[in-house]
Amino acid sequence: MYGTKAAKLLNSKAVEIGDSVRIKTDRNEYEGLVMPRIETGDTNCIILKLSNGYNIGIEAERIKEMSKMESKKETPKKDKVESAKPKKQVDPKEEVVILGCGGTIASKIEYKTGAVFPAITSEELVESFPQLKEKKIRTRMLFSLLSENVTPQHWIEIANAIKEEMEKGCKGIVLMHGTDTMHYTAAALSYMVKTPVPIVLVGAQRSSDRGSSDNMMNLLSAILAAESDIAEVTVCMHATENDDYCYLHRGTKVRKMHTSRRDAFKSINEQPIAKVDLDNERIEILSDYTQRGKTKFAIDTKLNPNVALIYIYPGMKRQQLKEMLQNHDGAVLMGTGLGHIPTELIDVTKEFSSKKPVAITSQTIYGRLNLNVYETGRNMQDAEIIGHLLDWTPEAAFVKLMFVLGHSKEIGKIREMMNTSLAGEITERQEE
Amino acid sequence: MDKETTEGVKVGLELHQRLSTKHKLFCKCSTKGNEDKSREIKRKLHAVPSELGQIDPAALFESKKAPLHTYDFYKGTCCLVETDDEPPHEINEEAIEIGIIINKMMNAENIDEIHFMRKTVIDGSNTSGFQRTAIVGLNGKIMVILSNGKEKEVGIQTIAIEEESCGIIGEQKGSMERFRLDRLGIPLVEIATTPVIKSGKEAREVAETIGLMLRSTGKMMRGIGTIRQDINISVPGGARVEVKGVQDLDLIEKVVDNEISRQKKLIELIQKINEIKKKNPNIDGELKIEDVTDIFKNTKSKFIKKAVEKGNSVLAAKLKSMKGFFGTELYPEFRYGSELSGYAKTQGMGGIIHCDEDMNKYGFTEEIAELAKKLKLEDDDGWIMVVGEKPKCESALALVYKRAYETKVPEETRRADLEGKTHYMRPLPGAARMYPETDVQPLKITKEIVKKAESAPSFKEIEEKIKKILNPEMAQKMIRSDKLNLFLELIEEGIEPTLAAVTCEDTLKTLRRDNFDVGKIGEESIKETLLLYKEGRIVKSAIPELLKLISKDPKAGAAALAKQMKLTKITGKELKELLAKENIKDLQSLMIRYRLNVDPQEAKEVMKG
């Protein structure tokens, strides 16, 4: 939105965004298209796109004259002829379903303004990835959200969409998702869906407008994984900073570990399931997995999202923790080191955990919890805090507690379920 | 060139000069390169469709050509911003300030708010697939004094601050290319002139003037490759051709004149091509590629034999009625055949063999009759041949054939070589290549930034100053010198202006003529030498001698060399002692032996007693 002075000038000349104008300053004369104002910077500078493609900002106050030359040209609508072409009949069971949930991978840029829009239709998707034309796929856009805005309700929506597609039949499922919370969604689907086919989550760390985007390689690798024998909920992303291969991570063991690198996703406390070598269309298995067809499809979307995830910090006050815990049906704490919380906080936690489940995870992310080694840990075991000897990620534990609370209200049963690996979130041995 | 030959010729320059800022344009990496390589990164770039679903022809061309690139990563000069694994940081305001200084110098209007754009580049030279660039100034003009003494006004269309690309290290034909990441992101200024230049000579003079205006700011990086020019050239009836990467000022003149000649000769050839096409309207679709590998099975041509043994193919095609065309000279040592060869090279070929060449240079003659038979050649038919991997040969022949019958001078981007010839690179980029860099916030040019920049002296002020302190001839020389900055620094240090100018210009020239490697004498060493003189530690006549020594041992340091090689001044008591000890009575015999150590003025006075 333009600031008052700029808006006033544009209004007085009946100039709208996208119109072409001639502007005179005290020194020069310029022609160009009026661009929408980006939020930051001086909103009283009018942004003009010159014929050489550059944008410049000119202060409204310095503009002596402005005249409209031509009204905004509508972008020509593309003929729908191409998409109307009769599609070759393919057995739905042979198709990979691509479900869209938004995020960088599915976004398109409007080149004039630089604004990023979600690709909403399947046609737009194929347009962005011409290689998809050769693939046996069908696409369906569920919603278009930046993943920080994805909620447990959306996880359920996705699970239900998976169910519908499974009923139609498919070879595998690829879920395009924003990367920020992709590991939460992957964990949620791991608990909620028992699958005989691969369900692969995929995203992109670099925007799709740039030649260097990782979107293409990640998506095509995910499709390859969805056609494979690995019938689990997984995340498929760049394995290294090179454009060489992707890793397939188990949905409950994966975590975004870098703000920006292509290889931000890492398997925590285990090897990735497989290496996906797109160039050679080859999948190299690195660890155990569930084979295609061994599991009967089922979904169970009962969740209780009223769970707190609390980061413990030095100097944290009893009252603060108490307030964070109250009104929740369960809590996951991110403790320090082997899984500790300050001694001072143990009795507050104990009070809560006598009625409601409290699970511990570690801020170190890597490694196994052990509440035997120090007195604090032993006292935490007394307080019946769940987590001793587990190697889960905070997010996998957090989503798991929602799932478990959706299934039982009985504290003993809850503790038992939390201590049992439901979807590979807990492993008993660690070799590295 | 005479008036007739320059009529309608339009030449515009785009000068790129690296700025000597402390950090890169969008991160805190150093701009000073090193050889501390720590790792390699391998990336692919793909063509991205524009908003209309079109892929830019230039971008598509590059993405087909080069699928995988290797980037060398150097410690201290590269970070995740260069590897495209982290968004850009804030704009380096030091670079923008330099832009504002240049605006003032070139009478351009400051932009109130700077918006960085992404310019799509997918030849691999930018890891992101685009170059960040922003206009800081518009509509400037400069006056250029031409060598004929006339003044010429040259418009400055745009002044932009942009990111330098990766340095290319080696090219493995066809697929992989290797780049160095340390150069990526160094700020550079791009000055684009209006197309008012009429000849190669003028282009050179304009480039020289702009170059020295930039240097006079004292904010430009020095050294090989820190400046390069792109040149846009068109002649009436020809086309706009962009020649990339002319690094040497001396080449500009040749490149421009060659290009003007190339377009004019092509226009003449096109008339003949039109005649052929009139008789054979479907000729564009009549390419028939013949595999003639068998004919060369037992060839005496070593290079063909070797290639065939490696499993390569020899493919040939007839070009109807084109005999004699390929030998047509477009400019000295560049024929229509060389022109077409440039197209084959983009497909990974070494070049083409054509009918207008002397086959003795390839070492075969016997096969020609058989070749003619196979291609069913008639009298005036020409032929071309390529050797290499079969699919690549096929695409090369298709491209060359299409180009051969072109009836318009193609708009294209060409690359300049070190001889001033240009070679086809890719089609001209379309307009869809620029869009906003949304990761970088716009930068308001505040009054403070402008004030700071404007306190820097203008080039005119510098010119005036020099005219006041040097004689007219020397002043002209100095204003045009690439040592202008050093000169300004020297007089700042209190060196006498004429001595500074003579040393920078005449002395170095004389040394070069006498075969001393002047390139090894750094500006710091020149400064150090003149300061030694100013401090009375050497005499004037020792200056050239000391510079000679420096050129042979640049690392030793001027003071150390002077001492070591007995070039230090003998003065005062020491001088008197010398005169007494050696019993020297007259100035002449003193100077014969101690010219490089004794100031004659002082000696005269001492001798007078």
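**Domains and chains in contact**

The C-alpha centres of domain 2 of chain A and domain 3 of chain A lie 31 Å apart. The model is predicted.

Q: Which residue ranges make up the domains of chain A?
A: The domain assignment of chain A places domain 1 at 4–70. Domain 2 of chain A covers 90–299, and domain 3 covers 307–419.

Q: How much area is buried between domain 2 and domain 3 of chain A?
A: On the side of domain 2 of chain A, 16 residues are in contact with 16 residues of domain 3 of chain A. Carbon and sulfur atoms give 65% of the area buried between these two domains. That area is about 1,300 Å².

Q: Which residue meets E395(A) in a salt bridge?
A: Two salt bridges are counted between domain 2 and domain 3 of chain A. In the salt bridge of E395(A), the N to O distance is 2.8 Å, and the partner side chain is that of R255(A).

Q: Which element supplies the largest share of the side of domain 2 of chain A that touches domain 3 of chain A?
A: Between domain 2 and domain 3 of chain A, five residue pairs are in polar contact. On the domain 2 side, α4 (152–168), α5 (182–192) and β16 (265–267) of chain A each supply at least two residues. The largest share, six residues, comes from α5(A).

Q: How much area is buried between chain A and chain B?
A: The contact involves 51 residues of chain A and 51 residues of chain B. Of the area buried between the two chains, carbon and sulfur atoms give 48%. The buried area is about 4,200 Å².

Q: Which residue of chain B forms a salt bridge with R210(A)?
A: Across the interface of chain A and chain B, 13 salt bridges are found. In the salt bridge of R210(A), the closest N and O atoms are 2.7 Å apart, and the partner is D84(B).

Q: How many charged residues are on the side of chain A that touches chain B?
A: Chain A and chain B have 36 residue pairs in polar contact. Among the elements of chain A, β2 (29–34), β3 (45–49), β4 (55–59) and α6 (215–226) each supply at least two residues of the side that touches chain B. The largest share of that side, five residues, comes from β4(A). The residues of that side divide into 12 nonpolar, 20 polar and, as charged residues, 19.

Q: What is the bridge partner of I56(A) in β5(B)?
A: Strand β4(A) pairs with strand β5 (residues 113–114) of chain B in the antiparallel sense, over two bridges. In β5(B), the bridge partner of I56(A) is I114(B).

Note on methods:
Residues are numbered from 1 along each chain as its sequence is written. Chains are lettered from A and ligands numbered from 1 in the order in which they are written. This is a predicted model: local features need pLDDT of at least 70, side-chain atom pairs count only at pLDDT 80 or more; totals for chains, interfaces and linings use all residues. Side-chain values use heavy atoms; hydrogens and water are left out. Contact means heavy atoms within 4.5 Å. Buried area is the accessible area (1.4 Å probe) that two parts lose on being put together, summed over both. A salt bridge is a side-chain nitrogen of Lys or Arg within 4 Å of a carboxyl oxygen of Asp or Glu. A polar contact is a pair of N or O atoms within 3.5 Å; within protein, one must be able to donate a hydrogen and the other to accept it, and residues adjacent in sequence count only if both atoms are side-chain atoms. Helices (H or I, at least four residues) and strands (E, at least two) are DSSP runs, numbered from the N terminus. Ala, Val, Leu, Ile, Met, Phe, Trp, Tyr, Cys and Pro count as nonpolar, Asp, Glu, Lys and Arg as charged, and the others, Gly among them, as polar. Two strands pair if DSSP finds at least two bridges between them. Domain bounds come from an automatic or database domain assignment.
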